[in-house]
Amino acid sequence: MLRERARRPEERLRRLRRTEALRELLRETKVYPSSLMAPIFVRDGVGVVEAVEAMPGVNRFSVDTVSEYVGRLVEEGVRSVLLFGIPRKKDEAGSQAYAPDGVVARAVRELKSHFDIVVAADVCLCEYTSHGHCGVVQGNGVSNDLTLPLLTKAALCYAEAGADILAPSAAMDRQVMAIRSGMDASSYEDRLVMGYSAKFSSSFYGPFREAARSAPAFGDRKGYQISPANSREAMREIDSEVKEGADIVMVKPALPYLDVISKARARYDLPLAAYSVSGEYSMIKAASANGWLDEKSAAMEVATSIRRAGADIIITYFAEQLAIWLKEGS
Ligand code: PBG
(Lines give C-alpha, C1' and ligand atoms only; values in the text may rest on other atoms or scores of the structure.)
Protein backbone atom coordinates (compact mmCIF):
# COMPACT_ATOMS: atom_id res chain seq x y z
CA MET A 1 0.00 0.00 0.00
CA LEU A 2 2.71 2.43 1.07
CA ARG A 3 4.78 1.51 -1.93
CA GLU A 4 1.75 2.09 -4.14
CA ARG A 5 1.30 5.66 -2.84
CA ALA A 6 4.94 6.55 -3.27
CA ARG A 7 4.86 5.65 -6.93
CA ARG A 8 4.62 8.60 -9.27
CA PRO A 9 1.50 8.46 -11.42
CA GLU A 10 2.23 7.96 -15.05
CA GLU A 11 2.26 11.15 -17.01
CA ARG A 12 -0.49 10.97 -19.60
CA LEU A 13 -0.84 14.37 -21.23
CA ARG A 14 -3.05 13.06 -24.00
CA ARG A 15 -5.85 13.10 -21.37
CA LEU A 16 -5.91 16.85 -21.91
CA ARG A 17 -6.73 16.48 -25.58
CA ARG A 18 -9.33 13.73 -25.68
CA THR A 19 -12.39 15.75 -26.75
CA GLU A 20 -12.98 19.00 -28.58
CA ALA A 21 -14.71 20.47 -25.51
CA LEU A 22 -11.76 19.61 -23.27
CA ARG A 23 -9.35 21.10 -25.77
CA GLU A 24 -11.39 24.32 -25.85
CA LEU A 25 -11.56 24.44 -22.03
CA LEU A 26 -7.83 24.06 -21.73
CA ARG A 27 -6.85 26.40 -24.53
CA GLU A 28 -4.18 28.83 -23.27
CA THR A 29 -4.14 31.39 -26.05
CA LYS A 30 -6.99 32.96 -27.95
CA VAL A 31 -7.15 35.38 -30.84
CA TYR A 32 -9.97 37.92 -30.73
CA PRO A 33 -11.16 40.10 -33.62
CA SER A 34 -10.85 43.07 -31.26
CA SER A 35 -7.10 42.59 -30.96
CA LEU A 36 -6.57 42.68 -34.73
CA MET A 37 -5.56 45.86 -36.52
CA ALA A 38 -5.98 45.96 -40.30
CA PRO A 39 -3.40 47.82 -42.41
CA ILE A 40 -5.04 49.71 -45.28
CA PHE A 41 -3.52 51.35 -48.37
CA VAL A 42 -5.22 54.58 -49.36
CA ARG A 43 -4.49 56.24 -52.69
CA ASP A 44 -5.65 59.20 -54.72
CA GLY A 45 -8.44 59.00 -57.25
CA VAL A 46 -12.16 58.30 -57.16
CA GLY A 47 -13.94 54.98 -57.13
CA VAL A 48 -10.68 53.03 -57.00
CA VAL A 49 -10.35 49.50 -55.63
CA GLU A 50 -7.07 48.32 -57.07
CA ALA A 51 -5.65 44.88 -56.36
CA VAL A 52 -2.10 44.54 -55.06
CA GLU A 53 -0.62 41.82 -57.22
CA ALA A 54 1.87 40.52 -54.69
CA MET A 55 -0.78 40.37 -51.95
CA PRO A 56 -3.85 38.54 -53.26
CA GLY A 57 -6.97 39.80 -51.49
CA VAL A 58 -5.39 43.15 -50.53
CA ASN A 59 -6.44 46.34 -52.34
CA ARG A 60 -5.54 49.98 -52.57
CA PHE A 61 -8.60 52.12 -51.97
CA SER A 62 -9.40 55.70 -52.83
CA VAL A 63 -10.87 57.78 -50.01
CA ASP A 64 -14.43 57.24 -51.25
CA THR A 65 -14.21 53.44 -51.41
CA VAL A 66 -12.37 52.78 -48.17
CA SER A 67 -15.48 53.02 -45.98
CA GLU A 68 -17.10 50.05 -47.62
CA TYR A 69 -14.15 47.86 -46.71
CA VAL A 70 -13.95 49.24 -43.18
CA GLY A 71 -17.68 48.62 -42.80
CA ARG A 72 -17.00 44.94 -43.47
CA LEU A 73 -14.20 44.90 -40.90
CA VAL A 74 -16.42 46.48 -38.27
CA GLU A 75 -19.16 43.99 -39.07
CA GLU A 76 -16.70 41.19 -38.24
CA GLY A 77 -15.57 42.84 -35.01
CA VAL A 78 -12.27 44.35 -36.20
CA ARG A 79 -12.29 47.87 -34.83
CA SER A 80 -8.87 49.27 -35.57
CA VAL A 81 -7.07 50.16 -38.77
CA LEU A 82 -3.61 51.41 -39.69
CA LEU A 83 -3.52 53.73 -42.70
CA PHE A 84 -0.77 54.03 -45.30
CA GLY A 85 -0.98 56.67 -48.00
CA ILE A 86 0.08 56.38 -51.61
CA PRO A 87 0.12 59.87 -53.13
CA ARG A 88 -0.19 60.71 -56.80
CA LYS A 89 2.98 62.79 -56.75
CA LYS A 90 6.15 61.86 -54.93
CA ASP A 91 8.96 64.36 -54.39
CA GLU A 92 12.37 64.66 -52.70
CA ALA A 93 10.90 65.95 -49.44
CA GLY A 94 7.86 63.67 -49.32
CA SER A 95 5.64 66.73 -49.08
CA GLN A 96 2.38 64.83 -49.63
CA ALA A 97 2.95 63.14 -46.26
CA TYR A 98 2.20 66.42 -44.52
CA ALA A 99 -0.19 68.05 -46.98
CA PRO A 100 -3.39 68.88 -45.03
CA ASP A 101 -5.49 67.51 -47.90
CA GLY A 102 -3.26 64.46 -48.42
CA VAL A 103 -4.85 61.02 -48.83
CA VAL A 104 -4.29 59.85 -45.26
CA ALA A 105 -5.67 63.01 -43.66
CA ARG A 106 -8.74 62.77 -45.91
CA ALA A 107 -9.21 59.05 -45.20
CA VAL A 108 -8.93 59.64 -41.44
CA ARG A 109 -11.70 62.28 -41.63
CA GLU A 110 -13.86 60.00 -43.73
CA LEU A 111 -13.48 57.01 -41.41
CA LYS A 112 -13.84 58.95 -38.16
CA SER A 113 -17.07 60.48 -39.44
CA HIS A 114 -18.58 57.06 -40.25
CA PHE A 115 -17.32 54.62 -37.64
CA ASP A 116 -16.60 54.32 -33.96
CA ILE A 117 -13.19 52.76 -34.50
CA VAL A 118 -9.53 53.32 -33.66
CA VAL A 119 -7.73 54.94 -36.56
CA ALA A 120 -3.96 54.72 -36.53
CA ALA A 121 -1.86 56.54 -39.12
CA ASP A 122 1.54 55.33 -40.22
CA VAL A 123 4.02 58.19 -40.05
CA CYS A 124 6.89 57.81 -42.49
CA LEU A 125 8.17 59.44 -45.64
CA CYS A 126 9.05 56.44 -47.80
CA GLU A 127 5.65 56.21 -49.46
CA TYR A 128 5.91 59.90 -50.35
CA THR A 129 9.51 60.44 -51.42
CA SER A 130 10.71 60.09 -55.00
CA HIS A 131 13.83 58.25 -53.78
CA GLY A 132 11.81 55.89 -51.56
CA HIS A 133 13.84 56.45 -48.39
CA CYS A 134 12.13 56.98 -45.04
CA GLY A 135 13.60 60.44 -44.49
CA VAL A 136 15.49 63.35 -45.97
CA VAL A 137 18.41 62.22 -48.12
CA GLN A 138 21.68 64.01 -47.47
CA GLY A 139 24.83 62.81 -49.24
CA ASN A 140 24.45 59.03 -49.53
CA GLY A 141 22.54 58.70 -46.31
CA VAL A 142 19.32 59.70 -44.60
CA SER A 143 19.58 62.62 -42.19
CA ASN A 144 17.99 61.73 -38.89
CA ASP A 145 17.55 65.23 -37.55
CA LEU A 146 16.32 66.84 -40.77
CA THR A 147 13.69 64.10 -40.96
CA LEU A 148 12.22 64.58 -37.47
CA PRO A 149 10.39 67.89 -38.10
CA LEU A 150 8.79 66.43 -41.23
CA LEU A 151 7.56 63.37 -39.34
CA THR A 152 6.15 65.66 -36.66
CA LYS A 153 4.44 67.78 -39.28
CA ALA A 154 2.86 64.69 -40.85
CA ALA A 155 1.73 63.39 -37.44
CA LEU A 156 0.09 66.73 -36.68
CA CYS A 157 -1.84 66.63 -39.96
CA TYR A 158 -3.23 63.20 -39.14
CA ALA A 159 -4.00 64.19 -35.53
CA GLU A 160 -5.79 67.26 -36.77
CA ALA A 161 -7.86 65.02 -39.05
CA GLY A 162 -8.80 62.93 -36.01
CA ALA A 163 -6.32 60.03 -35.89
CA ASP A 164 -6.27 58.28 -32.51
CA ILE A 165 -2.80 56.76 -32.87
CA LEU A 166 0.29 58.12 -34.62
CA ALA A 167 2.67 55.37 -35.60
CA PRO A 168 6.15 56.46 -36.70
CA SER A 169 7.82 53.73 -38.78
CA ALA A 170 10.76 55.70 -40.19
CA ALA A 171 13.23 54.12 -37.74
CA MET A 172 14.74 57.52 -36.91
CA ASP A 173 16.26 58.11 -33.48
CA ARG A 174 14.03 60.24 -31.24
CA GLN A 175 11.06 59.99 -33.63
CA VAL A 176 8.67 59.21 -30.78
CA MET A 177 9.91 62.12 -28.70
CA ALA A 178 9.63 64.52 -31.64
CA ILE A 179 6.05 63.50 -32.36
CA ARG A 180 5.05 63.39 -28.67
CA SER A 181 6.34 66.92 -28.07
CA GLY A 182 4.77 68.24 -31.28
CA MET A 183 1.41 66.77 -30.30
CA ASP A 184 1.54 68.00 -26.72
CA ALA A 185 2.43 71.49 -27.90
CA SER A 186 -0.66 71.50 -30.15
CA SER A 187 -3.06 70.17 -27.51
CA TYR A 188 -3.20 66.66 -28.90
CA GLU A 189 -2.01 65.23 -25.61
CA ASP A 190 -4.90 62.76 -25.76
CA ARG A 191 -3.54 60.98 -28.87
CA LEU A 192 -1.36 57.89 -28.61
CA VAL A 193 2.03 57.27 -30.13
CA MET A 194 2.74 53.71 -31.22
CA GLY A 195 6.44 53.34 -31.93
CA TYR A 196 7.59 50.82 -34.51
CA SER A 197 10.27 50.39 -31.89
CA ALA A 198 11.93 47.16 -32.93
CA LYS A 199 11.77 47.43 -36.69
CA PHE A 200 14.09 45.00 -38.39
CA SER A 201 15.64 45.44 -41.80
CA SER A 202 13.64 42.60 -43.32
CA SER A 203 13.19 40.98 -46.71
CA PHE A 204 9.60 40.29 -45.69
CA TYR A 205 8.66 43.90 -46.55
CA GLY A 206 8.98 43.07 -50.27
CA PRO A 207 5.28 42.90 -51.20
CA PHE A 208 4.50 46.07 -49.21
CA ARG A 209 7.01 47.98 -51.26
CA GLU A 210 5.12 46.92 -54.37
CA ALA A 211 1.82 47.91 -52.73
CA ALA A 212 3.14 51.33 -51.67
CA ARG A 213 5.55 51.70 -54.57
CA SER A 214 8.14 52.59 -51.94
CA ALA A 215 11.22 50.48 -52.69
CA PRO A 216 14.32 52.66 -52.20
CA ALA A 217 15.64 53.88 -55.54
CA PHE A 218 19.22 53.41 -54.34
CA GLY A 219 20.83 51.58 -51.42
CA ASP A 220 18.76 49.95 -48.71
CA ARG A 221 17.42 50.63 -45.22
CA LYS A 222 20.20 48.92 -43.29
CA GLY A 223 21.50 52.29 -42.09
CA TYR A 224 18.36 52.86 -40.05
CA GLN A 225 16.53 49.56 -39.50
CA ILE A 226 17.83 46.90 -37.07
CA SER A 227 19.83 43.89 -38.27
CA PRO A 228 17.83 40.62 -38.07
CA ALA A 229 20.74 39.22 -36.06
CA ASN A 230 20.36 41.62 -33.12
CA SER A 231 17.85 41.05 -30.36
CA ARG A 232 19.71 42.93 -27.62
CA GLU A 233 19.85 45.98 -29.84
CA ALA A 234 16.10 45.59 -30.41
CA MET A 235 15.59 45.81 -26.63
CA ARG A 236 17.64 49.02 -26.56
CA GLU A 237 15.43 50.46 -29.32
CA ILE A 238 12.29 49.59 -27.37
CA ASP A 239 13.83 51.00 -24.22
CA SER A 240 14.60 54.30 -25.86
CA GLU A 241 11.11 54.67 -27.35
CA VAL A 242 9.56 53.84 -23.97
CA LYS A 243 11.64 56.64 -22.45
CA GLU A 244 10.63 58.97 -25.29
CA GLY A 245 7.00 58.51 -24.28
CA ALA A 246 5.61 55.75 -26.52
CA ASP A 247 2.18 54.50 -25.42
CA ILE A 248 2.44 51.28 -27.40
CA VAL A 249 5.59 49.57 -28.65
CA MET A 250 5.89 47.25 -31.63
CA VAL A 251 7.98 44.41 -32.94
CA LYS A 252 8.06 44.07 -36.72
CA PRO A 253 8.01 41.65 -38.55
CA ALA A 254 6.30 39.15 -36.24
CA LEU A 255 6.78 35.52 -37.26
CA PRO A 256 10.58 35.48 -37.71
CA TYR A 257 10.92 37.51 -34.47
CA LEU A 258 8.71 35.66 -31.97
CA ASP A 259 11.67 35.49 -29.58
CA VAL A 260 11.91 39.28 -29.66
CA ILE A 261 8.17 39.60 -28.97
CA SER A 262 8.45 37.27 -26.03
CA LYS A 263 11.49 39.04 -24.63
CA ALA A 264 9.77 42.43 -25.00
CA ARG A 265 6.65 41.05 -23.29
CA ALA A 266 8.72 39.91 -20.32
CA ARG A 267 10.52 43.24 -19.99
CA TYR A 268 7.87 45.89 -20.59
CA ASP A 269 4.40 46.49 -19.22
CA LEU A 270 3.29 48.66 -22.15
CA PRO A 271 0.80 47.33 -24.66
CA LEU A 272 2.77 45.40 -27.24
CA ALA A 273 1.91 45.25 -30.93
CA ALA A 274 3.36 42.81 -33.45
CA TYR A 275 3.19 43.56 -37.16
CA SER A 276 2.74 40.48 -39.26
CA VAL A 277 4.08 42.06 -42.43
CA SER A 278 3.31 41.76 -46.11
CA GLY A 279 5.78 38.92 -46.79
CA GLU A 280 4.29 36.85 -43.99
CA TYR A 281 0.88 37.28 -45.62
CA SER A 282 2.03 36.63 -49.17
CA MET A 283 3.93 33.47 -48.33
CA ILE A 284 0.85 31.86 -46.80
CA LYS A 285 -1.27 33.07 -49.73
CA ALA A 286 1.18 31.75 -52.33
CA ALA A 287 1.67 28.38 -50.67
CA SER A 288 -2.04 27.85 -50.21
CA ALA A 289 -2.80 28.92 -53.78
CA ASN A 290 -0.48 26.09 -54.80
CA GLY A 291 -2.23 23.64 -52.50
CA TRP A 292 0.88 23.35 -50.32
CA LEU A 293 -0.63 24.81 -47.16
CA ASP A 294 -4.15 25.08 -45.81
CA GLU A 295 -4.69 28.84 -45.69
CA LYS A 296 -7.11 28.98 -42.79
CA SER A 297 -5.22 26.75 -40.41
CA ALA A 298 -1.84 28.24 -41.33
CA ALA A 299 -3.04 31.82 -40.83
CA MET A 300 -4.79 30.93 -37.55
CA GLU A 301 -1.71 29.12 -36.30
CA VAL A 302 0.53 32.09 -37.05
CA ALA A 303 -1.85 34.55 -35.36
CA THR A 304 -2.12 32.27 -32.32
CA SER A 305 1.68 31.99 -32.14
CA ILE A 306 2.07 35.76 -32.18
CA ARG A 307 -0.37 36.05 -29.28
CA ARG A 308 1.31 33.16 -27.46
CA ALA A 309 4.63 34.96 -27.78
CA GLY A 310 3.04 37.86 -25.92
CA ALA A 311 1.62 40.41 -28.37
CA ASP A 312 -1.57 42.23 -27.36
CA ILE A 313 -2.25 43.67 -30.80
CA ILE A 314 -1.69 41.85 -34.08
CA ILE A 315 -1.39 44.05 -37.13
CA THR A 316 -2.26 41.74 -40.01
CA TYR A 317 -3.52 41.74 -43.60
CA PHE A 318 -5.52 38.64 -42.62
CA ALA A 319 -7.61 40.71 -40.14
CA GLU A 320 -10.96 40.46 -41.92
CA GLN A 321 -10.49 36.83 -42.87
CA LEU A 322 -9.30 35.82 -39.38
CA ALA A 323 -12.33 37.50 -37.83
CA ILE A 324 -14.63 35.59 -40.19
CA TRP A 325 -12.90 32.32 -39.42
CA LEU A 326 -13.04 33.03 -35.68
CA LYS A 327 -16.78 33.52 -35.92
CA GLU A 328 -17.19 30.27 -37.85
CA GLY A 329 -15.21 28.41 -35.17
CA SER A 330 -12.39 26.00 -35.96
C1 PBG B 1 7.93 52.06 -43.76
C2 PBG B 1 7.13 50.84 -43.60
C3 PBG B 1 7.34 49.61 -44.21
C4 PBG B 1 6.35 48.75 -43.77
C5 PBG B 1 5.54 49.47 -42.91
N6 PBG B 1 6.05 50.76 -42.80
C7 PBG B 1 8.26 49.19 -45.25
C8 PBG B 1 9.69 49.38 -45.23
O9 PBG B 1 10.35 49.61 -44.22
O10 PBG B 1 10.18 49.27 -46.35
C11 PBG B 1 6.22 47.33 -44.17
C12 PBG B 1 4.98 46.67 -43.84
C13 PBG B 1 4.78 45.37 -44.53
O14 PBG B 1 5.68 44.79 -45.16
O15 PBG B 1 3.66 44.88 -44.44
N16 PBG B 1 7.17 53.17 -43.81
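1. No disulfides here: the structure holds zero of them, a disulfide being a pair of cysteine sulfur atoms within 2.5 Å. Bear in mind that this is a predicted model, where local features need pLDDT of at least 70, side-chain atom pairs count only at pLDDT 80 or more, and totals for chains, interfaces and linings use all residues. Residues are numbered from 1 along each chain as its sequence is written, and side-chain values use heavy atoms, with hydrogens and water left out.

2. On to the ligand. It is surrounded by 18 residues, and the closest are Arg209, Gln225, Lys252, Ser278 and Tyr317 (a residue is near if one of its heavy atoms lies within 4 Å). Sorted by class, that shell has nine nonpolar, three polar and six charged residues; Tyr and Cys count as nonpolar, Lys and Arg as charged, and Gly as polar.

3. Which side chains pair with ligand oxygen or nitrogen atoms? An N or O atom of the Arg209 side chain is 2.6 Å from a ligand oxygen, and one of the Ser278 side chain is 2.7 Å from a ligand oxygen. For Ser169, the side-chain N or O atom is 3.0 Å from a ligand nitrogen. The protein covers 100% of the 400 Å² of accessible area that the ligand has on its own (Shrake-Rupley method, 1.4 Å probe).

Terms used. A polar contact is a pair of N or O atoms within 3.5 Å; within protein, one must be able to donate a hydrogen and the other to accept it, and residues adjacent in sequence count only if both atoms are side-chain atoms.
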